[in-house]
Amino acid sequence: MAEVKDPSDGVQIDLISGERMDGLTSMEKIRLILDGVRDGNIVILEEGLSPDEESRLIEVTMTEISPDEFNGIEIETYPKSEAADASLLDRIMGKESTKKLTVIGPANQIETLHKDKNLISALVSRK
Amino acid sequence: MGLLTNLKDSISRAAASLFSEEDPKRIGIYGPPNAGKTTLANRIARDWTGDAVGPESHVPHETRRARRKENVEIERDGKKVTIDIVDTPGVTTKVDYTEFLEHDMEKDDAVRRSREATEGVAEAMHWLREDVDGVIYVLDSSTDPFTQVNTMLIGIIESQDLPVLILANKIDLEDSSVQRIRNAYPQHETIPLSALEGDNMDEVYDKIAEYFG
């Protein structure tokens, strides 16, 4: 990820395209997200993660929490109404759409102010 | 001939293990911290086995290890349903030890508790992916159910095609709203209860038998 000149000047936001994530394995995606977040960046994923990847993201986040260093993450996504409507056959055939804009940031810097089905409003503080 | 007989035997053994009524289903009790999961697990265990599962507390992350109570036999309409109850630590995406300091804890104890809590959440996620056959999702009906952790967890459970029963706990509290939970997760049936007071447990047991029997 490209670095800003001096991170103390502000908050870095990484917008990661679906195309970039497509070529990565689950663990590579999780590493990319957590490395960014642990550096104090806000990571925005164009297409989000699959439920299985979300479950692993929580698990890996937990193993990395360390007192006075890293408290974990805040994560917000739009509700995945498309996926909830998918039929069982679609899900078995892998046609389920899990695409959903996802915002992830360090728990001590990001606070969700408002969220509904088509708007996420977050307050981000500097490190 | 021998080969055919062996094949038949292994198919029937596989079918027996798939559909055996003897094997208790492992039902994970999931939900955010302080939803009343252990209170519910203890209520079910006490009602049907006489023993408790673990200590309850108002301090978040009291349960920091998944705890299993085996062979809980629930009787409904003359039919017995046997389940293993797995009480899991409350799932979250963040743990800050300084929050425990507010509960009159020394720093060393708070740090230890937060470390155990993070291990417990990781363990709970692992159980969900590998080791449970169904889920009871417990929510505190006096708080907003439409949180990211709840949405994510329910999405993860749905993606695994596990049967899930949503319980709206703490209906004894003044701010309780069962409808708020029904609106947040309309794709699932929501059963109101107070695990602490034992309110509406009959319906809870009926539904456990229906969903996991």
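The contact between the two chains takes 22 residues from chain B and 22 residues from chain A, two residues being in contact if their C-beta atoms, placed from the backbone, lie within 7 Å. On the side of chain B that touches chain A, at least two residues each are supplied by helix 4 (107-130) and helix 5 (148-159) of chain B, where helices (H or I, at least four residues) and strands (E, at least two) are DSSP runs numbered from the N terminus. Helix 4 of chain B provides the largest share of that side, nine residues. By residue class, the side of chain B that touches chain A divides into ten nonpolar, nine polar and three charged residues; Ala, Val, Leu, Ile, Met, Phe, Trp, Tyr, Cys and Pro count as nonpolar, Asp, Glu, Lys and Arg as charged, and the others, Gly among them, as polar.

The model is predicted, and local features need pLDDT of at least 70, side-chain atom pairs count only at pLDDT 80 or more, and totals for chains, interfaces and linings use all residues. Residues are numbered from 1 along each chain as its sequence is written, while chains are lettered from A and ligands numbered from 1 in the order in which they are written. The predictor gives the complex an ipTM of 0.84 and a pTM of 0.85. For chain B the mean pLDDT, the predictor's confidence in each residue from 0 to 100, is 89, and 90% of the residues of chain B reach 70 or more.

Chain A contains five helices and six strands, which follow the pattern β-α-α-β-α-β-α-α-β-β-β along the sequence. An open sheet of four strands in chain A has the order 1-2-4-3 with mixed pairing, two strands being paired if DSSP finds at least two bridges between them. Strand 1 (13-16) and strand 3 (73-77) of chain A stand at the edges, each with a single partner strand, so one side of each is left without a neighbour in the sheet. Neighbouring strands of this sheet are turned by 15° against each other on average, direction ignored; axes are lines fitted to C-alpha atoms, for helices over the stretch in contact, and angles run from 0 to 180 degrees between N-to-C directions.

Strand 1 of chain A runs parallel to strand 2 (residues 42-45) of chain A and is joined to it by four bridges, with Ile16(A) standing opposite Leu45(A) in strand 2 of chain A. Helix 2 (residues 26-38) of chain A lies across strand 1, strand 2, strand 3 and strand 4 (102-106) of chain A, and runs at about 45° to strand 4 of chain A.
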